[in-house]
Amino acid sequence: MRYINNKFFIEGKDIRSLTKKFNTPLYCYSYKNLRENVENFKKAFKEIKPLICFSVKSNSNISLLKEIKKLGLGADVVSKGELYASLKAGINKSKIVFSGVGKTKNEIEYAIKQKILLINSESLSEVLAIEKAAKKLNKIVDIGLRLNPDTDAETLKQISTGKSENKFGVDKKTFVKIINLMKQSKFINIKCLSVHIGSQILNHKPYEKMLNVLDKLLKNLDYKFEFIDLGGGMGINYDHKTKKLNYTKYKKSIIKFKNKYNCKIIFEPGRSIIGNVGILASKVIYLKHNKTKTFVILDAAMNDLIRPALYNAKHRIVPSLRNMSRSKKILEFVGPVCETTDKFLTERKFQNIKENDIMIICDTGAYGYSLSSNYNLRLRPAEILIKGNKVKIIRKRQKITDII
Ligand SMILES: Cc1ncc(COP(=O)(O)O)c(C=O)c1O
């Protein structure tokens, strides 16, 4: 994705011709970026030989899942729907882990029948529910148990998951209790310790702290885990300014840990694989001026991309056609939804723009479409994948009859 003669291109396609053909708002994904991200991730952690399970919640488009499967990844799923989509995409069941605090009986039985690698459980009640389902189906089920390490991920409060006040995992005491209780189980095999402390983590230190917590726990626990699932959370450079997460430093502490406990490592990355693979193209419907600023009213809104409204996330916005002028007024990029929080970004010294211009909201591959909704009865946008010189519609724009 880059400018050529001041025009925004994705893999050799001018975004303006794509939006003319497929309309706006439009999610566009670059296969090249996806492949590069997967290759870079694999390369960065090569010595660890991890099982990389793509976090499907970050983007569950089936065509993208198929590409991710071909690139060799497994899947981390959090619902029956995501498990179904992953299997449909051809992802090997022996590479699928099922996370989440509230799996229903129906979901548990479905997961057991599919014989996936691990059901990562998050409470005693859930472990007992899995045991009950396993007994009913007369199966021995491999599970993981998620620890809440009470570690601050140093990220947005809303996407932190590893502090004791968060709903995820169990505390150390409960963890040990469940392990001891389940040693006798005929139907449950606790094979994995899982953790996930949060998302958009840019500093390796919280990960080190998390590994120290694990180390302290395992040192005093007479129990061998085949897998340690370290979750995902690796952050990306949304503003193109902040320092990237240092994979090398994180890797070093994992190697030390792995050598000590002789376990296989699982990762569940989402954002770091798919975040910068997608953009959301949107047309300027109106410009509206007040005393201090100009509202740039886009045809994309918080129902298409909720991250800014939900946790004040910042996505860069760039024009599809660059010019050298600078707007004297502050520009506020907003959507048409009837909510004050339907606001993407406030910019100073942005270039002058006109109605009908196409704007690019950057790095929307993760938690973009997958968090979209029909709020205000707005239709969900289309998604396209650009792969070499091919452009494929990978999800049709919704029609009004789809949602009524
Ligand atoms: C259990 C679990 N694993 C993996 C992820 C993926 O995180 P990320 O997209 O930040 O890599 C999440 C996201 O919150 C999660 O809850």
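K244 is placed in the loop between strand 11 (227–229) and helix 9 (247–261); helices (H or I, at least four residues) and strands (E, at least two) are DSSP runs, numbered from the N terminus. This is a predicted model, in which local features need pLDDT of at least 70 and side-chain atom pairs count only at pLDDT 80 or more, while totals for chains, interfaces and linings use all residues. Residues are numbered from 1 along each chain as its sequence is written.

K244 counts as exposed because it has 11 C-beta neighbours inside 10 Å. A residue is buried if 20 or more other C-beta atoms lie within 10 Å of its own, exposed if 12 or fewer, and partly exposed in between, with C-beta atoms placed from the backbone. Between the C-alpha atoms of K244 and N323, which are 79 residues apart along the chain, the separation is 29 Å.

V101 sits in the loop between strand 7 (96–98) and helix 5. With 15 C-beta neighbours inside 10 Å, V101 counts as partly exposed. V101 is in contact with E122, K167 and F168, leaving aside its neighbours within four places in sequence; two residues are in contact if their C-beta atoms, placed from the backbone, lie within 7 Å. V101 and E122 are 21 residues apart in sequence, and their C-alpha atoms are 5.4 Å apart in space.

Helix packing comes next. Two packed helices are described by the angle between their axes and the distance between the axes. Helix 4 (residues 80–88) and helix 5 (residues 105–114) pack at about 25°, with axes 10 Å apart. Axes are lines fitted to C-alpha atoms, for helices over the stretch in contact, and angles run from 0 to 180 degrees between N-to-C directions. Helix 4 and helix 5 are therefore roughly parallel to each other; angles under 35 degrees count as roughly parallel, over 145 as roughly antiparallel, 65 to 115 as roughly perpendicular and the rest as oblique. Across this pair, K80, L83 and L87 of helix 4 meet N106, E107, Y110, A111 and Q114 of helix 5. By class, the contact of helix 4 with helix 5 has four nonpolar, two polar and two charged residues. Here Ala, Val, Leu, Ile, Met, Phe, Trp, Tyr, Cys and Pro count as nonpolar, Asp, Glu, Lys and Arg as charged, and the others, Gly among them, as polar.

Helix 5 also packs with helix 6 (residues 124–137), their axes coming within 10 Å and crossing at roughly 55°. Helix 5 and helix 6 are therefore oblique to each other. The contact is made by K105, I108, E109, I112 and K113 of helix 5 and by A129, I130, A133, A134 and L137 of helix 6. By class, the contact of helix 5 with helix 6 has seven nonpolar, no polar and three charged residues.

Some backbone features remain. Most residues other than glycine have a negative phi, and most peptide bonds are trans. K115, in the loop between helix 5 and strand 8 (118–121), has a positive phi of about 55° although it is not a glycine. K115 is exposed, with 12 other C-beta atoms within 10 Å. T24 and P25 are joined by a cis peptide bond, with omega about -10°.

Finally, the ligand is surrounded by 17 residues, the closest being S55, S199, G232, E268 and G270. By class, the shell around the ligand has three nonpolar, 11 polar and three charged residues.

Notes
A residue is near a molecule or strand if its C-beta atom, placed from the backbone, lies within 6 Å of it.
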